[in-house]
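Let's take a friendly walk through this model together. Have the sequence and the 3D view open as you read.

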Amino acid sequence: MQTNEGSQDSEIKQVIRSLCMMNNRFMNFMLDDNKKAAQVFLRVILGDDKIKVRNVRIQSFIQNIYGHSSQLDILAQDSQGRYFNVEVQRSDEGAPARRARFYSSILDTHFLQPGKLYEELPDTYVIFITENDVLHDNLPLYNIRRRIDENAKCFEDGSRIIYVNSQRRDDTALGKLMQDLYCTEPKNLHYHEFAERMEFLKYSKEGEEKMTDVIEEYAARKAEAAAKAVEEKMTDVIEEYAARKAEALAKEAAKKAEEKEQANRIELAQGLLADGMSIEFTVRHSKLTEAEVRELASKLTA
């Protein structure tokens, strides 16, 4: 019979085996400091076999002291000094046009150092690899550049945004790359640069340990987030209950105050009538209705 620890290890291994590069965190590990794999990505997507990746890093946090900061999934630089930001987006909501615009702008503000000329601003590429065809034209690639409306010429400012539709998995170089993104077994990958890394992460002891730590850390954060969500939900429920209770108590207090006021009016009216005051006088001073005063008067004379 398996122990709980053994069962957990087996479950984690199954999770590791099931991961593919369309999983954002697994993609990060596949490309982290892996220049060969990043180079394949960029060469295939941009159709340029001369790209030479100088460095690549994951989860790069870019601080913006004047506004929204960002954490880039993958940031690579090539030998020409160009920067490439690659983002894997499984949710359509994660790949809006204005997010791509923002990422492009934050790269500009980060990489133009004080005192440098605008002409020294490096070329930047923001690449969104999307699970669905978020731009809806059934194209494998969407290359987005600024242009001049009046003559349709490109406005060469050095910034590019590219959307890659991972649903187009044909036998082209790009289609095979998209196939590899959904592949879970190293032996079935088209590009050996990915196969070597995946083999290490999924089947070597060191790779498994690294992935296990990440999965457990992620699971702990998810559990903490879930617990916090439950706590916040309970807080909302309690606050809602408290509000309802306060409203009910306020209504009850108002009702009692009204009943006491009515009793005072009746007592006053009874006194006025007993002293021989007229119906009209009693209505005016007791604030009761004429019908209520006449009813009281009839009871006094009965």
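Which residues in H2 are buried? They are Phe 26, Met 27, Asn 28, Phe 29, Met 30 and Leu 31, where buried means under 20% relative accessible area, exposed over 50% and partly exposed in between (1.4 Å probe, protein chains only).

## About the model

This is a predicted model, in which local features need pLDDT of at least 70 and side-chain atom pairs count only at pLDDT 80 or more, while totals for chains, interfaces and linings use all residues. Residues are numbered from 1 along each chain as its sequence is written, and side-chain values use heavy atoms, with hydrogens and water left out.

The chain holds nine helices and six strands. Helices (H or I, at least four residues) and strands (E, at least two) are DSSP runs, numbered from the N terminus. Of the 302 residues in the chain, 35% are buried. Contact here means heavy atoms within 4.5 Å. Among the contacts in the chain with a separation of 6 or more, 53% are made by residues 24 or more positions apart.

## Helix H2 and its ends

H2 is mostly covered, with six of its eight residues buried.

With a relative accessible area of 27%, Asn 23 is partly exposed. After H2 comes Asp 33, which has a positive phi, near 55°.

## Where H2 meets H3

How do the axes of H2 and H3 cross, and at roughly what angle? The axes of helix H2 (residues 24-31) and helix H3 (residues 35-46) come within 7 Å and cross at roughly 115°. Axes are lines fitted to C-alpha atoms, for helices over the stretch in contact, and angles run from 0 to 180 degrees between N-to-C directions. H2 and H3 are therefore roughly perpendicular to each other, since angles of 65 to 115 degrees count as roughly perpendicular, under 35 as roughly parallel, over 145 as roughly antiparallel and the rest as oblique.

On the H2 side, Met 27, Met 30 and Leu 31 meet Ala 37, Ala 38 and Phe 41 in H3. The residues of this contact divide into six nonpolar, no polar and no charged. In this scheme Ala, Val, Leu, Ile, Met, Phe, Trp, Tyr, Cys and Pro count as nonpolar, Asp, Glu, Lys and Arg as charged, and the others, Gly among them, as polar.

## Thr 130 and Asn 165

Thr 130 belongs to strand S4, and Asn 165 lies in strand S6 (residues 159-165). Thr 130 is buried at 2% relative accessibility, and Asn 165 is buried at 2% as well. Their C-alpha atoms are 5.6 Å apart, although 35 residues separate them in sequence.

Leaving aside neighbours within four places in sequence, Thr 130 touches several residues, including Met 22, Gln 89, Ala 95 and Tyr 163. With neighbours left out in this way, Asn 165 is in contact with Thr 130, Asn 132, Asp 133, Leu 139, Pro 140 and Met 178.

## Two loops

The loop between strand S4 (124-130) and strand S5 (141-144) contains His 136, and Asn 138 is found in the loop between S4 and S5 too. Neither is a glycine, but phi is positive for His 136, about 65°, and for Asn 138, about 55°. His 136 is exposed, with a relative accessible area of 63%.

Pro 186 occupies the loop between helix H5 (173-181) and helix H6 (192-203). With a relative accessible area of 6%, Pro 186 is buried. Leaving aside neighbours within four places in sequence, Pro 186 is in contact with Ala 195, Met 198, Glu 199 and Tyr 203.

## Cysteines

How many disulfides are there? The count comes to zero, with a disulfide taken as a pair of cysteine sulfur atoms within 2.5 Å. Cys 20 is in no disulfide, and the nearest cysteine sulfur, that of Cys 183, is 8.7 Å away. Cys 20 is buried at 10% relative accessibility, and Cys 183 is buried at 11%.
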